[in-house]
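Here is a short briefing on one protein chain. Keep the structure open beside the text and find each part as you read.

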Amino acid sequence: MPDALPKIQANRKIIHVDMDCFYAAIEMRDDPLLRSAPVAVGGSPDKRGVIATCNYEARSYGVHSAMASAHAKRLCPNLIIVPPNFDKYRHDSKVIRSIFAKYTPLIEPLSLDEAFLDVSESTEYKGSATYIAQAIRHDIYNELKLTASAGIAPNKFLAKVASDWEKPNGQFVIEPSAVDRFMVDLPVKKIPGVGKKTSEKLHNMGIYSCQDLQELELLELTRRFGTFGRSLYYLARGVDNRPVITHYPRKSLSVENTYDKDLYRLEDCLSEIPKLLSTLKQRLARSKVDAPVNKMFVKLKFSDFSATTVERTSFGVNDDLFYELMDEGFHRREKSVRLLGLGVRFQNAESASFVQLPLEYLDGAFDDEE
């Protein structure tokens, strides 16, 4: 017998606030000459840079985040690529966080430019999440001249989906009573963790919408998708009882570098370790993480854009182990290398109990693990 389906908690009021092309919007605000042009923030196309974000005009050409800057320039020859200024972005992010705090202490940042807010107990605007979201967006624009979009729903999953519904500079509400109707036509690709490979697998099964997915029993989904099948079962029905978590213990810390020219030999890769390791240790010292290191890993991205990660249990940072891991990773492909990374994982802290979901809202989070 399948598990009893948890009920949607109708008394919860969750807002997902997502800034509109945050980095690019800041650059456009600060430089009027950029406001009528296709703009991206990212690395140089001459040095294998990658696009971090872009404005909507650039997106109309097919440019998007995580795209190679050189490819973006081919799609949009007039694209202006601005190098990132993270000090400036962090400053504005702190201002935005202070605005959130005026309305609720229950804030879960996902990145510099987005966060979940639980306003279930807020007395502002007589407890109306819709009006609170409007006020937050108004305050952000007044203080920073930046626009934000918001989604309002009874849980985090639906709030995040809703925030994308009226972008840019809009908001969308999914009432508890409307959840069943809303889920009928929602594409399965909107479910967090459903990336390209999982989408293809579902499409091959004739599943395109959440309504299609609801036809499958929990047992069938777990048989086909493992533990992720349980998330698919609940999320396809709009059920997500995860709390808004105000503090996540850091799980890992890493550094990486993309090289202007490929590293063709293992010796070339090994020679880069001291520089990367020095940076990693500096970041570790600044992070002030209390949890002990219990794993080390290296990441390699090859000339064909395939990637591999090699990790091993370690009690603390063992410099020599990075060399062993690099050796193993390089020989998995034996191709030239365009990116190297070193990192550590910390001993797991106790996590909250909720419906199983990907740890992060990343496209294909379960698709591309190696």
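Helix 11, residues 228–235, is mostly covered. Of its 8 residues, 7 are buried. The model is a predicted one.

**Helix 11 and its surroundings**

- The buried residues of helix 11 are F228, G229, S231, L232, Y233, Y234 and L235.
- What do these buried residues pack against? Their partners are helix 6 (156–163), helix 7 (179–185), helix 8 (196–204), helix 9 (210–213) and helix 10 (218–225).

**The chain as a whole**

- The chain holds 14 helices and 12 strands.
- The C-alpha trace spans about 65 × 60 × 45 Å along its principal axes.
- Buried residues account for 45% of the 370 residues.
- Take the contacts in the chain with a separation of 6 or more: 65% of them join residues 24 or more positions apart.

- Strands of a sheet pair through backbone hydrogen bonds, either parallel or antiparallel.
- Strand 2 (residues 39–42) and strand 3 run antiparallel, joined by 3 bridges.
- To see this pairing in the model, look for G42, which stands opposite I51 in strand 3.

- A disulfide is a covalent bond between the sulfur atoms of two cysteines.
- How many disulfides does a search of the whole structure find? The search finds 0.
- C21 is in no disulfide, and the nearest cysteine sulfur is that of C54, 7.7 Å away.
- A disulfide needs the two sulfur atoms within 2.5 Å.
- Buried or exposed? C21 counts as buried because its relative accessibility is 9%, under the 20% cut-off.
- C54 also counts as buried, at 1% relative accessibility.

**D139 in helix 5**

- D139 has its place in helix 5, residues 129–144.
- The relative accessible area of D139 is 13%, so D139 is buried.
- Which side chain does the side chain of D139 meet in a polar contact? The partner is K102, and the contact is 3.1 Å.
- Leave aside the neighbours within four places in sequence, and D139 is in contact with I99, K102 and Y103.

**Strand 12 and its partners**

- Strand 12 (residues 337–346) has 10 residues, and 9 of them are buried. Strand 12 is therefore largely enclosed by the rest of the structure.
- Strand 9 pairs with strand 12 in the antiparallel sense, over 8 bridges.
- In this pairing, S254 has G343 in strand 12 as its bridge partner.
- Strand 10 (residues 293–302) also pairs with strand 12 in the antiparallel sense, over 9 bridges.
- Here F297 stands opposite G343 of strand 12.

**E256 in strand 9**

- E256 lies in strand 9, which covers residues 252–263.
- E256 counts as partly exposed because its relative accessibility is 46%. That value falls between the 20% and 50% cut-offs.
- How far apart are E256 and L339 in sequence and in space? They are 83 residues apart in sequence and 7.0 Å apart in space, C-alpha to C-alpha.
- Not counting residues up to four places away in sequence, E256 touches L276, K299, L339, L340 and G341.

Technical notes
Residues are numbered from 1 along each chain as its sequence is written. This is a predicted model: local features need pLDDT of at least 70, side-chain atom pairs count only at pLDDT 80 or more; totals for chains, interfaces and linings use all residues. Side-chain values use heavy atoms; hydrogens and water are left out. Helices (H or I, at least four residues) and strands (E, at least two) are DSSP runs, numbered from the N terminus. Buried means under 20% relative accessible area, exposed over 50%, partly exposed in between (1.4 Å probe, protein chains only). A polar contact is a pair of N or O atoms within 3.5 Å; within protein, one must be able to donate a hydrogen and the other to accept it, and residues adjacent in sequence count only if both atoms are side-chain atoms. Contact means heavy atoms within 4.5 Å. Two strands pair if DSSP finds at least two bridges between them.
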